[in-house]
Amino acid sequence: YQRRVRGSPVYVDDIAVMSIAFMLKDPNSAVIWRGPKKNGMIKQFLRDVDWGELDYLIIDTPPGTSDEHLSITSFLQDASRLNDDQGQGNGNIYGVIVTTPQEVALTDVRKEINFCKKIKLPLLGLVENMSSFVCRKCKTETKIFPPTTGGGRKVCEEYGLPFLGSIPLEPLLGQASDEGLSFSEKLAQQKDPSNHSLTEQAFRNIVQTIQGFVEKEV
């Protein structure tokens, strides 16, 4: 990767990335900040980073409904209203919920959905990650995390949300992340990419569904 100038994100191909980890002298350092300092950094990332012209700005947040989530959405919504003639625009700001199938994860997801409703953040839908594992040799599908209460699909039915798709538990995806490669790049290195075609197709379907909805709203 390369970083072009100070105040600019790190570029991996055409993808611009920014993280507080890039600013730490020691990558193993803990960031121990209270709310005001964290909120100030979020605002700085949104306002002061030289993002250039973007197709999409994707913000990956940890699970939960903390101050960070509230700050990010309020900052973006405020900026959207300033750019809207009537001061009421959403500015094409949306949320996507990502979960795993087991109930311990879905308990948090229900809270996150209700959080988004309260702050009036439209949700594009839900993605179920690590939904199953498909053996490369025998092609048998195994539910590593059984959806004992119905999984992500059931939650979507409860809340009237689109189910965007399921992503299999894919060891190659973890390897790609550790090596700093995209899944497509890692896939191209394999002798038989067809062994991983289900994961690749799952990603494509989810991205195309989200892209289609957002472009229709623009």
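Author: A disulfide is a covalent bond between the sulfur atoms of two cysteines. To count as one here, a pair of cysteine sulfur atoms must lie within 2.5 Å. Keep in mind that this model is predicted.

Reader: How many disulfides does the structure hold?

Author: It holds 0 disulfides. Take Cys-156, which is in no disulfide. Its nearest cysteine sulfur belongs to Cys-116 and is 13 Å away.

Reader: Is Cys-156 buried or exposed?

Author: Cys-156 is buried, because its relative accessible area is 4% and the cut-off for buried is under 20%. Cys-135 has a relative accessible area of 24%, so it is partly exposed.

Reader: Now the strands. How do I read the faces of β4?

Author: In a regular strand the side chains alternate between the two faces of the sheet. Strand β4 covers residues 95–99. Gly-95, Ile-97 and Thr-99 make up its covered face. Val-96 and Val-98 are on the uncovered one.

Reader: Which strand is joined to β4, and by how many bridges?

Author: Strand β5, residues 123–129, is joined to β4 by 5 bridges. The two strands run parallel. Thr-99, from the covered face of β4, has Glu-128 in β5 as its bridge partner.

Reader: Which helix belongs with β4 and β5 in a β-α-β unit?

Author: Helix α3, residues 103–118. The β-α-β unit is right-handed.

Reader: What pLDDT does the protein average?

Author: The average is 85, and 92% of the residues score at least 70. Look with care at residues 1–5, where pLDDT stays under 50. For that stretch the model has 13 contacts beyond four places in sequence.

Note on methods. Residues numbered from 1 in each chain as written. Predicted model: local features only at pLDDT ≥ 70, side-chain atom pairs only at ≥ 80, totals over all residues. Heavy atoms only, no water. Buried < 20%, exposed > 50% of the residue type's maximum accessible area, 1.4 Å probe, protein only. Helix = DSSP H or I, 4+ residues; strand = E, 2+ residues; numbered from the N terminus. Pairing = 2+ DSSP bridges. Right-handed = clockwise from strand over helix to strand, strands pointing away. pLDDT = per-residue confidence, 0-100. Contact = heavy atoms within 4.5 Å.
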